[in-house]
Amino acid sequence: MIKGQILIVYKGKIYIIQEDFSLLESRDSFYAIGSGFEYTLAAYKTLDLYKSDLVVPDKMREAIRITSLYCPSVNALTNVLYDRHDGL
């Protein structure tokens with residue numbers, strides 16, 4: 001048994017491997033795992049809807065920064081790896 005989740009991006013789709021090895025597919029073009037993931041998903045969705053001028057990596061950084069304000073186990077200092085050719 002693994003502890004936590006694994007996030008996989010393959011051919012433009014996001015897959016989540018759960019602790020029991022079940023496989024889920026995200027309905028959206030973004031997803032988050034780990035501590036504070038609910039805050040991050042909500043922040044990213046809001047930025048996606050209302051800040052369309054931001055590019056994906058900037059939305060990701062800002063969503064994590066917002067999450068860090070409400071979830072003490074999340075650090076706003078983050079590196080974002082983004083491959084624009086992955087189709088997301």
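**Ground rules**

This is a predicted model, so local features need pLDDT of at least 70, side-chain atom pairs count only at pLDDT 80 or more, and totals for chains, interfaces and linings use all residues. Residues are numbered from 1 along each chain as its sequence is written, and side-chain values use heavy atoms, with hydrogens and water left out.

**Exercise 1. Find the aromatic pairs and classify them.**

Step 1. Apply the rule. Rings of Phe, Tyr and Trp (its six-membered ring) pair if their centres lie within 6.5 Å; planes under 30 degrees apart count as stacked, over 60 as edge-to-face and the rest as tilted. The count comes to two aromatic pairs.

Step 2. Take F30 and Y44. Their ring centres are 4.5 Å apart and their planes stand at 40 degrees, so this pair is tilted. F30 lies in the loop between β3 (23-25) and α1 (37-50), and Y44 lies in helix α1, so the pair ties together parts 14 residues apart in sequence. F30 is buried, with a relative accessible area of 10%. Y44 is buried as well, at 8%.

Step 3. Take Y39 and Y70. Here the centres are 6.4 Å apart and the planes at 15 degrees, so the pair is stacked. Y39 in helix α1 and Y70 in helix α2 (residues 56-70) are 31 residues apart, so to speak of this pair is to speak of a link between distant parts of the chain. Y39 is partly exposed at 42% relative accessibility. Y70 is exposed at 57%.

**Exercise 2. Describe the lining of the largest pocket.**

Step 1. The largest pocket holds about 700 Å³ of space. On a 1 Å grid over the protein atoms alone, a pocket is an open set of points where a 1.4 Å probe fits, with protein on both sides within 12 Å along at least five of seven lines; lining residues have an atom within 4 Å of a point. Its volume is the space filled by probe spheres set on the points.

Step 2. Of the 30 lining residues, L7, Y31, M60, V80 and L81 are closest to the centre.

Step 3. β1 (6-10), α1 and α2 each give two or more residues to the lining. α2 gives the most, with six.

**Exercise 3. Which residues other than glycine have a positive phi?**

Step 1. Most residues other than glycine have a negative phi.

Step 2. K11 has a positive phi of about 50 degrees. K11 is in the loop between β1 and β2 and is exposed, at 66%.

Step 3. F21 has a positive phi near 70 degrees. F21 is in the loop between β2 and β3 and is exposed, at 51%.

Note on methods:
Helix = DSSP H or I, 4+ residues; strand = E, 2+ residues; numbered from the N terminus. Buried < 20%, exposed > 50% of the residue type's maximum accessible area, 1.4 Å probe, protein only.
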